[in-house]
Amino acid sequence: MTDGQSFLQSPIGATRGWWDDLETEERNTIVGLAVFGGLLLAATAVGILNPTYLLYLLTLAGMFTLMTLGLNVQWGYTGLVNFSVIAFWGIGAYSAAMVTAERSPLGWELHPVWGVVVAVVASALLATLIAVPTLRLRADYLAIATLGFAEIVRMVINNERAYTNGSAGIPGIPSVAEWVESPDLVSFLTIALLVAVVYLVLRRAQLSPWGRVQRTIRADEDLAQALGKNTFRFKLQSFVLGSVIMALAGVAYVHLITPLITPTGLEPIRTFYVWIGIILGGSGSNRGAVVGGLTIVAIRQAPSFIRNQLLNVPAIAPYVSEINVGALRLFLVGVLVILIVRYRSSGLLPPKREHIWSKTLEDRS
Amino acid sequence: MVDFDPQLVADGLVYSSIIVLGSIGLSLVYDIADFPNFAHGDLMAVGAFGALAVHGSLGFPFPVAVVTGMVIGAVVAVLTNRVVFEPMDAGPLELLIASIGVALIYRAALMQRFGTESQSYDVGGQAPIDAAQETLGIAINVRAVAIIAVTLVLVGALHAMLQYTSLGRQMRATSANPSLARVSGIRTDRVVTAMWVIGGALAAAGGVFLGLHTLIRPRMGFDILLVLFAAVILGGIGSVYGAMAGGLVIGMVHELTPAIPVVPTRYNTAIAFVIMILILLVQPSGIAGGKTSA
Amino acid sequence: MNESELDYEGGDLQKEDPLLRVEDLRKTFGGVVAADDATFAVERGSITGLIGPNGAGKSTLFNLISGFYEPDGGAVYLGDEEITGMRPDQIAQKGLIRTFQTPRKLEGMTVRESLLVAPAGQRGESLLPLWTSPSSVTAQEDELLDRAEDLLSFFEIDHLATEPSPELSGGQLKLVELARAMMTDPDVLLLDEPVAGVNPVLEEKLAEHIRRLNEEQGVTVLLIEHDMEFIMDLADPIVVLDQGRVLVEGTPEAVRTDDRVVDAYLGGVAE
């Protein structure tokens, strides 16, 4: 092992060795994140950015990271197209809201743990329900079918007032703010812990024989079958696992971020955000999914942030005030999507050595 | 038993007209360019707002505005293909994702220029026609009648073009077998452009009518996109006549939901999606059997 | 079996110990008959060649045997068990492993790792054991790693072990494919054009490898190949397929001199 050797040298030498071992993309991403983090800290220090708001953004990024991690299992590992990401998020959020909230039409007011249980069970069941018939469809049909499914979920939530409160949504969900002194910090730490656990679980799965089969299916499903793999079983597991993680993101949202859920949270545009996150981060890479989660929040927040700052410049303020932030955001996202596809970007952190079991990389002479 | 309600049929015809106009272009692109164009719904919105600007801001008569809207739709469609899709040389899934980007850009432009509030055309014609009320017992206004009539004219013109002009024959040949069409001397790039022109213009007309029938909103097109996909998939991807039939059926189903027992009215759109998913599972080539005609 | 199809010189009509039997296998695609009551058997321990002009239905037959196509009629037996209508993965697990004419590249895997995928039913292919009994999962992976190492040296490609799978040349890919198939410890190997697009030196090597697998490890081989020299040299008996039917079955010499075979190929050329 080279690690042991480098530890014997000076700490600087060890660091340099570690840096030299990195791939170009890894270095770029580290530098990029460091610069970005530095800018955020600087902005907080000079008061442009409120620390509470920064924590809120990071918590939001954690939630989106859960969603990109979930989609990465489906699309990155196995190559399954899922355009109902936000529906599974919504199922998680509504499961938690319906069984725990004081003003839920069900009126059960159960402990949040039950919200998690219901969310996991409901999302797993619905994922199975949609996956069993559709997983053999071509990628483009699967995209349309899953988007249709997501819209049906949104319609049901909008219409079944007796359970969901319809378009008014469910307020008063027990929130972290009711339990602790500094809810922002606790929210952030909780979501960070959740992301870490999910990340480790997924990494273990990815580096296992299970993950190797999924990668084979993505590259060549016929080959996987010819090697005796029941590919349907593997695809189903991947779809359900990813969907459950998306549902957990929904649960986290209502308890940790906003104690209110309405059907507008289930807009299909959010599914596309998660897709952009995964493609930008690097499909197939868990680290890329984390970077993707951060990117989503940056893309969503940057237009209004920049606009607000530019409004302080008197010379251009009249023009800037004409800009519709929502439109600008859509425009930027649209351009980004086209550029990614046009230049076949493999993302910021494509999975090169990352998902290869390290033992298969050693020289075993 | 379900009672036959002429009112629902009349409403269904109006909605079907809009769906038919939208799904023809979607089907053409899906067939020849080989990807589901998620920007097609927002293209309808572009046409609707184009007509709004020409009519409302510039003050031209409404029929002129409709035609201008169709021209705008065609130009935007062709330009988008030239600038975005054609240079890409990517698979269906990549093009699908790129088309989502295009959809967002269209919508962003509309939101920036026209705002996010719902608007409507100031043309009147909303009062029910007395004659229809007395003879058929249905409430139908001039707008609805105009939508159905103009759609019939447009669909008829498309039919004549496909059957009796050389461009139409070339389009059908290209759809049936692109490589054969190319070797037999058909300039497929011309055919592809023609297809985007037709698809864009009809989508714009459908968008104007949707705006006329309901309201003009930047999101109007995206909200109807999946219904268009339902029609296209039902009719069989690539078949213009299939898209017409699929559009008619889906539009009718959408409005006739009140007559269907058990299913609550508010799930009318969901029924369209369920039909679509079922067709995808059972026979992805559609009920019309796929590409038998252009 | 129809005797006239098997009347080669000195041939025994009845196979002593057939491991794979194909009986009256039939498949049509939109009116085109791709397999027309094809019947033949593969003797245990043999290297059987499957040849025929383009479009004779060789690949269709492979797809039917390995479960990728469902036959319209007829049956396939592996040993005493009928495997007709089983899924490809079920057939593979019974010990019948096939390769593909044009293998796709396995993105994101080293050669060594692409070998580890092969054995079916590994403990780590289920999710729970990854956390409930991680050591047994890793122990099995380590065993397979040793096996992969042995196979890589058997095929003389140890130097490629850490190479990214997509960066292999066509010939290297063919070797890796063979090694991967052997990871599953198969009873029968169905090789679809194992030397297509491979240089003569490597071709010779591949022939030698296949022969050794057959002799040393007792693997029964059924292979399709366009290269006549290669297949005549390696396989015995040879089954000739024409228009979905078994035309002749016999030793390479018998097949070489059979008029019907010559006619079939000339007919194919004349088309």
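Trainee: Why does B:D89 count as exposed?

Mentor: This is a predicted model, where local features need pLDDT of at least 70, side-chain atom pairs count only at pLDDT 80 or more, and totals for chains, interfaces and linings use all residues. Residues are numbered from 1 along each chain as its sequence is written, and chains are lettered from A and ligands numbered from 1 in the order in which they are written. Now the count. A residue is exposed if 12 or fewer other C-beta atoms, placed from the backbone, lie within 10 Å of its own, buried if 20 or more do, and partly exposed in between. B:D89 has 10 C-beta neighbours inside 10 Å, so exposed is the word.

Trainee: Where does B:D89 sit?

Mentor: In the loop between α3 (62–85) and α4 (92–114) of chain B. Helices are DSSP runs of H or I with at least four residues, strands are E runs of at least two, and both are numbered from the N terminus.

Trainee: What makes the phi of B:D89 worth a remark?

Mentor: Its phi is positive, about 50 degrees, and B:D89 is not a glycine. Most residues other than glycine have a negative phi. C:D37 also has a positive phi, near 50 degrees. C:D37 belongs to strand β2 (residues 32–43) of chain C.

Trainee: Why is C:D37 called partly exposed?

Mentor: C:D37 has 15 C-beta neighbours inside 10 Å, so it counts as partly exposed.

Trainee: And what makes C:E215 exposed?

Mentor: The count is 11 C-beta neighbours inside 10 Å, so C:E215 is exposed. It is found in helix α7 (residues 200–217) of chain C.

Trainee: How do you know that the bond between C:D236 and C:P237 is cis?

Mentor: Omega is about 5 degrees there. C:P237 lies in the loop between α8 (228–234) and β9 (238–242) of chain C.

Trainee: Which domains make up chain C?

Mentor: Domain 1 (3–105 + 184–270) and domain 2 (111–167). The bounds come from an automatic or database domain assignment. Taken over C-alpha atoms, 29 Å separate the centres of the two domains of chain C. Their contact takes 5 residues from domain 1 and 7 residues from domain 2.

Trainee: What counts as a contact?

Mentor: Two residues whose C-beta atoms, placed from the backbone, lie within 7 Å.

Trainee: How many residues do chains A and B give to their contact?

Mentor: Chain A gives 29 residues and chain B gives 33 residues. On the chain A side, α7(A) gives the most, with 12 residues.
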